[in-house]
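Me: I have a new protein chain to go through. Could you start with one term and the ground rules?

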Amino acid sequence: ATVVFALYKGWNLMNIPLQPENNDVNVLLSELEYVSAWKWENNNWAVLLKDADTQAYAASKGFAILSTLNAGEGFWLNMQEDATLHITGTEASNSDISFVQGWNLVGLKVNEEKSIEDVVPDSAISAWKWENNNWAVWLPDQETLQEYAASKGFTILQFIKPEQGFWVNVK
């Protein structure tokens with residue numbers, strides 16, 4: 001199966017809902033004009049810079065080097081221009097999302113849209129999705145959610161699409 005991504009100049013919060021045939025990030029992003037790619041792993045950033053010395057930059061900041069992208073791993077991609085990305089892969093062998101205490105940058109491992117309530121664990125404090133250059137937020141208390149989103153100019157996060165990455169803060 002192939003997933004097609006519409007990428008926009010600037011920041012894109014993404015996910016690959018399939019397990020890529022080749023998960024090497026240099027292969028996956030080879031056709032794109034991007035500035036940087038970022039994945040949150042082990043409570044630290046892993047980074048890849050397109051046209052700079054990733055090794056030196058990562059070492060100077062204490063970051064890991066981004067080498068692979070797998071199904072269900074949310075990631076940021078900073079694009080130089082609008083583009084389309086095609087990624088071929090197979091259905092993930094396990095569609096469950098693993099959450100750890102604290103911040104999780106994740107995505108769906110199935111190629112279908114899901115309600116945020118069907119995705120976040122009971123221990124979730126909040127969930128966040130970057131869409132249309134703004135945050136969409138979910139909080140477990142609906143009344144608090146409405147007030148908070150309105151006060152910040154955020155939209156309310158209701159659904160996650162397969163190609164979208166999202167943050168979940170877990171107790």
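Reply: Contact means heavy atoms within 4.5 Å. This is a predicted model: local features need pLDDT of at least 70, side-chain atom pairs count only at pLDDT 80 or more, and totals for chains, interfaces and linings use all residues. Residues are numbered from 1 along each chain as its sequence is written, and side-chain values use heavy atoms, without hydrogens or water.

Me: Leaving aside neighbours within four places in sequence, which residues is serine 115 in contact with?

Reply: Start with its place: serine 115 sits in strand β10, residues 114-115. Strands (E, at least two residues) and helices (H or I, at least four) are DSSP runs, numbered from the N terminus. Beyond its sequence neighbours, serine 115 is in contact with Gln158 and Phe159.

Me: Is serine 115 buried or exposed?

Reply: Buried means under 20% relative accessible area, exposed over 50%, and partly exposed in between (1.4 Å probe, protein chains only). The relative accessible area of serine 115 is 18%, so the residue counts as buried.

Me: Which residues does tyrosine 148 touch, not counting those up to four places away in sequence?

Reply: Tyrosine 148 belongs to helix α3. At 28% relative accessibility, tyrosine 148 is partly exposed. Its C-alpha atom is 27 Å from that of leucine 77, a residue 71 places away along the chain. The residues it touches are Trp128, Val137, Leu139 and Phe154.

Me: What residue follows helix α3?

Reply: Look at the start of the helix before its end. A side-chain oxygen of aspartate 141 comes within 2.9 Å of the backbone nitrogen of glutamate 143, at the start of α3 (residues 142-152). After α3 comes a residue with a positive phi, near 75°: glycine 153.

Me: At the start of helix α2, within what distance of the backbone nitrogen of glutamine 55 does a side-chain oxygen of aspartate 53 reach?

Reply: A polar contact is a pair of N or O atoms within 3.5 Å; within protein, one must be able to donate a hydrogen and the other to accept it, and residues adjacent in sequence count only if both atoms are side-chain atoms. Helix α2 spans residues 54-61. Glycine 62 follows α2, with a positive phi near 80°. At the start of α2, the aspartate 53 oxygen reaches the glutamine 55 nitrogen to within 3.1 Å.

Me: How many salt bridges does a search of the whole structure find?

Reply: Side chains of opposite charge can pair when their charged atoms come close. A salt bridge is a side-chain nitrogen of Lys or Arg within 4 Å of a carboxyl oxygen of Asp or Glu. The search of the whole structure gives a count of 4.

Me: How many residues apart in sequence are the parts that lysine 39 and glutamate 73 tie together?

Reply: The closest N and O atoms in the salt bridge of lysine 39 and glutamate 73 are 3.0 Å apart. Lysine 39 is in strand β4, while glutamate 73 is in the loop between β6 (64-65) and β7 (75-79), so the pair links parts whose separation in sequence is 34 residues.

Me: Which residues do salt bridges with shared partners join into one network?

Reply: Lysine 39 also bridges to glutamate 41, with the closest N and O atoms 3.3 Å apart. Another bridge pairs lysine 114 with glutamate 112, at 3.8 Å between the closest N and O atoms. Shared partners make one network of Lys39, Glu41 and Glu73.

Me: Which element gives the most to the lining of the largest pocket?

Reply: On a 1 Å grid over the protein atoms alone, a pocket is an open set of points where a 1.4 Å probe fits, with protein on both sides within 12 Å along at least five of seven lines; lining residues have an atom within 4 Å of a point. The largest pocket has 17 lining residues, with Ala6, Tyr8, Asn12, Trp130 and Asn132 nearest its centre. Two or more lining residues come from each of β1 (2-7), β2 (10-14) and β11 (124-131). With 5 residues, the most comes from β2.

Me: What is the volume of the largest pocket?

Reply: Grid points are joined across faces, edges and corners, and a volume is the space filled by probe spheres set on the points. For the largest pocket, that gives about 420 Å³.
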